[in-house]
Amino acid sequence: MSANPQAPGAGAPPEPTGWEPELEELRFRREQSAALGGPEAIQRHHDQGRLTIRERIEGLVDPGSFQEVGRLTGKGAYDGGKLAGVVPAPYVMGLSTIGGRPVAVGGEDFTIRGGTSWSGDRKKGGQGGFVEDLAHEYRIPLVNLIDGAGGSVTSITRRGHSVFPGVHGFEQSVRLMGEVPVVCAVMGTAAGGPAGRAILAHWSVMVKGTSQVFAAGPPVVERSLGQKIHKEDLGGAALAADLAGTIDQVAKDEQECFELIRRYLSYMPQNVWELPPVVRTGDPVDRCEDGLLDIVPRNRRRPYDMRKVVRWIADRDSVFELQPSFGKAVITSLARMNGRVVGIIANNPMVYGGAIDVKGARKQTHFVELCDCFHIPIIFLVDVPGFMVGRDAEAAATLREGMRSVYVSLQATVPMYTVVIRKCYGMAGMGATDKNGLDLKIAWPSAEWGSLPIEGGVAAAFRKEIAAAPDPRAREAEIEASLRADASPFKTAEAFGVEEIIDPRETRPYLCRFIDAAAGRLATTVGPKPKFGVRP
Amino acid sequence: MIDVESVVTGSVWKIEASVGQKLEPGDVIMILESMKMEIPVIAEDGGVLRELRVTEGVPVAEGQVVAVVEE
């Protein structure tokens, strides 16, 4: 009898007839993957008030919908050829559903080496990873749950050379911005590449107190500038979202962060080849809020609560304000009108009388592009005296940023509806009209417009006449009063320079009628929007 | 103590509340003038007005603390 190690014999395990050993190994490998960085690392993570990547995905997506991809990735440890354990790759991702619709979702596992990059044959996440390919190929939204430290100089030792910045992959992240909704949530401290990726999103969110975002963290800042600064002061929500607008929204905790992501995506189509979902709320189209009638004070110097106007016009409970803490002179909200998604841009008379400052302009530019990209009609609720004036405003390049917002409005091709509530002046006012479309402008009786507000313009245009008068101030007031009479909105309506003046309570039914009617036309223009020219 | 900041650059037009006064949420502390508009400075959560850092007529900058309220 020849010696055959494969042959069954006394004392040797029986030859398996099925695939039980392999299934056993698969089970073991999956257990290793589920264990992330191990109980101690997970405890440390939890102690900081942060969830693990698996808990985050579970908390975000529809229950039980997560189909992981790449569960076996990692680095196996072998004992004489036998698998002893696997340190999982520090990135978890796959296919899920949110609100019943497929999404690609992924995020770094901070419990393994702080979520730093991992060298496999193919990247799982980050720029150009599988999760981005999934979003691109299947044309489904992408949600990045960012909690990684990014590159480290230690990779030089590992590779034996220094990596040239921007290896292939970032172009995929950029391509996605014109194809599918991309949401980035900063769930920890993000610097460098992961921080950059957080910005490559249509909408981003961070968690108050536990997440920070910056180009470089405190050690690099101290080394470069000698500035000693805590990471929360350098890139916490107060700076990154409220002051700088680097990140769009702030959640009070991770749970609220997931709710905000779900809410945001509920307004978005799956991709630019589709229209956003219509969700009827049962709110009657002909609901006319009495509050609209007297919300604008007769005293032109008195501001009012524009957010109320937005809420009263849109479908009940449908308003989702974006960037609420940044660029407060402009209020940007996603909402529904008779179930159809709209973007509402409203000037805020409480801040600089609604004058568009550099932050407000930047916010409006992004919002118009967002709506145009995803075929969301735009409603302008206009009360804008113009761009912000003064030395600080000029030094901040308000004119340039303001014209950029006008430029994107004049390039956009979604239907736009202009509702002039009070002031509509100058180029900022022009940016609130639909020059590529029907250019339907309706106005409330409180409306006024022109190339600049009368009170500012009189002093400049009638300077000599005013100076020569015996009582210059009285003469100025006289000229103002006579011009104001001719500036009545009804006179412009006579000339069809504005298409309609309505009772403010009729705003909702009037707009719903036209937004419903434009649905068919919107369906004829789906697809990516080519952009030509150079933004100013 | 809560620092109440001006959200705008402008000037103080009228001071409406006095130090020591109890303020309900939403009460107006002062009215600023900016871009020919009257911009109210509000005690969002209410409290007791402990300090007024400005007087009528003075210019204010965006983000400047104009009053201090004790919760």
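Predicted model: local features only at pLDDT ≥ 70, side-chain atom pairs only at ≥ 80, totals over all residues.

Trainee: OK, where is A:M430 found?

Mentor: A:M430 is in helix α16 of chain A. With a relative accessible area of 32%, A:M430 is partly exposed, because buried means under 20% relative accessible area, exposed over 50%, and partly exposed in between (1.4 Å probe, protein chains only).

Trainee: And which residues make the nonpolar surface patch?

Mentor: A:L399, A:L410, A:M427 and A:M430 make a nonpolar patch of about 320 Å². Helices α15 (398-411) and α16 (426-430) of chain A each give the patch at least two residues. Patch members have over 30% relative accessible area and no salt bridge; like charges are joined within 9 Å, nonpolar side chains (Val, Leu, Ile, Met, Phe, Trp, Tyr) within 5 Å. Areas are Shrake-Rupley values with a 1.4 Å probe, and for residues only the protein chains shown count as cover.

Trainee: Switching to the other chain. How many residues does the contact take from chain B and from chain A?

Mentor: Chain B gives 13 residues and chain A gives 17, with contact meaning heavy atoms within 4.5 Å. About 1300 Å² is buried between the two chains, 57% of it from carbon and sulfur atoms. That's the accessible area (1.4 Å probe) that two parts lose on being put together, summed over both.

Trainee: Which residues in chain B lose the most area to chain A?

Mentor: B:M35, B:M37 and B:E38, together 49% of what that side buries.

Trainee: How many salt bridges are there between chain B and chain A?

Mentor: There are 3, each being a side-chain nitrogen of Lys or Arg within 4 Å of a carboxyl oxygen of Asp or Glu. B:E33 pairs with A:R301 in a salt bridge whose closest N and O atoms are 3.0 Å apart. Strands β4 (27-34) and β5 (37-43) of chain B each supply at least two residues of the side that touches chain A. The largest share of that side, 4 residues, comes from β5(B).

Trainee: Are A:R56 and A:E254 buried or exposed?

Mentor: Both are buried. Compare A:D372 and A:K531, a salt bridge at 3.3 Å between the closest N and O atoms. A:D372 is in helix α13 (residues 358-373) of chain A and A:K531 in the segment after α22 (519-523), 159 residues apart. A:D372 counts as buried at 2% relative accessibility, whereas A:K531 counts as partly exposed at 45%. Elsewhere, salt bridges that share partners join A:D283, A:R287, A:E289, A:D315, A:R316 and A:R508 into one network.

Trainee: Back to α3. Which residues is A:R54 in contact with, leaving aside its neighbours within four places in sequence?

Mentor: A:S33, A:A34, A:L36, A:E68 and A:V92. A:R54 is found in helix α3 (residues 53-60) of chain A and counts as buried at 17% relative accessibility. Its side chain makes a polar contact with the side chain of A:S33 at 2.9 Å. A polar contact is a pair of N or O atoms within 3.5 Å; within protein, one must be able to donate a hydrogen and the other to accept it, and residues adjacent in sequence count only if both atoms are side-chain atoms.

Trainee: Last one: which residues in helix α4 of chain A are buried?

Mentor: In α4 (residues 130-138), A:V131, A:E132, A:D133, A:L134, A:A135 and A:H136 are buried. Their cover includes β4 (91-98), β5 (101-108), β6 (142-146), α6 (170-176) and α7 (192-199) of chain A. Just after α4(A), A:R139 takes a positive phi of about 55°.

Terms used. Residues numbered from 1 in each chain as written. Chains lettered and ligands numbered in written order. Heavy atoms only, no water.
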